[in-house]
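Work through the exercises below with the model open. Try each task before reading its solution.

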Amino acid sequence: MIGTPPFPTAPDQLTASFLSAALGTPVRTFSTTTIGVGRGMLGDLVIVEPTYDDHAPGPERVVAKFAADREGSLASARRSGSHARELRFYDEIAPVTAARVPRTYGAWYDPETAKFLLLQDAVEADPGVDQLLGIGPERVRLVIRETAKLHARWWRSDRLAELEWLPRLDSVARRSNLAAIAAAGWPLLRDLLDPADLVPAVVALGDSLAERIDAALVELAGLPATLVHSDLRADNLLFDPSAPVVTIVDWQGAGIGPPSWDLAYLLSQSLTAEDRRAHEADLIDEYRRALCEAGVDVGLDEILVGYAPRWCSAFSSRAASRSSRPPTPSDPDHSP
């Protein structure tokens with residue numbers, strides 16, 4: 001259940017009494033450490049390390065996430081409902097979805113200001129993960145399997161229509177926001193590129209990018225849908241440094257769309273171009289198999305709708321050839 005004001009809206013407003021009530025155990029003192037600085041997030045994060053009365057049980061560390069106290073960010077969150085959406089995801093969706101997310105101890109929201117507080121487990125994560133360098137195909141494989149659990153749970157579900165707070169890809173807010181970002185970002189990117197790379201076809205694509213994105217959102221919104229994260233990239237993925245486990249965070253962009261949205265976003269944003277070209281077909285087939293294990297038996301043709309351009313028959317054939325290999329005893333599609 002999401003709490004209402006008053007609640008702490010900044011790290012210096014946290015108190016031992018508030019944490020005691022939220023964690024359900026008496027907190028004597030606590031310390032805080034700021035994390036995530038310089039990553040351009042819409043929230044401010046601190047690690048909270050409580051000390052408990054009389055050795056009472058409780059988490060060793062929790063993350064307190066607050067709305068970034070910038071009016072531009074808050075105004076955007078009020079328009080889009082992004083802060084409220086993340087809290088509602090953890091409150092309503094996470095408990096009935098198998099995908100790995102942090103345990104939540106409490107959430108509070110003020111609809112008038114869009115300020116919030118989210119208290120969650122502090123998940124141990126590999127600090128060496130770098131969005132710009134990519135995470136490699138094996139780690140992408142971990143993310144694919146967690147994403148398949150999310151997609152399978154809500155695959156063409158009639159309940160999605162009841163979740164009116166989840167936007168579709170063609171929502172007015174998403175279309176205007178992404179088109180504006182593309183229109184503003186292309187001139188900046190063009191200035192950074194080597195003039196030798198700015199061949200007429202590239203310039204024409206960049207100049208029409210905003211319009212093409214808007215048209216793509218409208219087309220994709222008409223495809224069979226599930227619940228999508230919509231921002232699957234390294235900065236939102238916490239990889240356990242000592243085990244093959246990933247936790248997915250930052251659900252402000254959660255919405256309704258085709259599964260190919262998450263799949264294409266993940267592979268294009270978290271792999272180098274070389275790794276994507278080398279492993280793309282295998283990773284998509286891994287996704288199909290993970291869906292099947294989760295109870296959704298679907299062919300590559302449906303997965304690729306919205307992912308591969310219509311003209312890219314070579315990729316479809318390459319992916320299909322991997323799916324048609326002889327069955328093995330561990331192949332869930334051919335289990336007895």
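The model is predicted: local features need pLDDT of at least 70, side-chain atom pairs count only at pLDDT 80 or more, and totals for chains, interfaces and linings use all residues. Residues are numbered from 1 along each chain as its sequence is written, and side-chain values use heavy atoms, without hydrogens or water.

**Exercise 1. Describe how helix 6 meets helix 7.**

Step 1. Locate the helices (DSSP runs of H or I, at least four residues, numbered from the N terminus). Helix 6 spans residues 200-207 and helix 7 spans residues 209-220.

Step 2. Take the axes (lines fitted to C-alpha atoms over the stretch in contact, with angles from 0 to 180 degrees between N-to-C directions). They come within 5 Å and cross at roughly 60°. Helix 6 is therefore oblique to helix 7. Under 35 degrees counts as roughly parallel, over 145 as roughly antiparallel, 65 to 115 as roughly perpendicular, and the rest as oblique.

Step 3. List the contacts (heavy atoms within 4.5 Å). L205, G206 and D207 of helix 6 meet L209, E211 and R212 of helix 7.

**Exercise 2. Find the largest cavity and list what lines it.**

Step 1. Search a 1 Å grid over the protein atoms alone for points where a 1.4 Å probe fits but cannot get out.

Step 2. Take the volume, the space filled by probe spheres set on the points. The largest cavity holds about 30 Å³.

Step 3. Collect residues with an atom within 4 Å of a point. The lining is R168, L169, L220, A221, L223, A225, I256, G257 and P258.

How values were computed
Helices (H or I, at least four residues) and strands (E, at least two) are DSSP runs, numbered from the N terminus. On a 1 Å grid over the protein atoms alone, a cavity is a set of points where a 1.4 Å probe fits but cannot get out, and a pocket is an open set with protein on both sides within 12 Å along at least five of seven lines; lining residues have an atom within 4 Å of a point.
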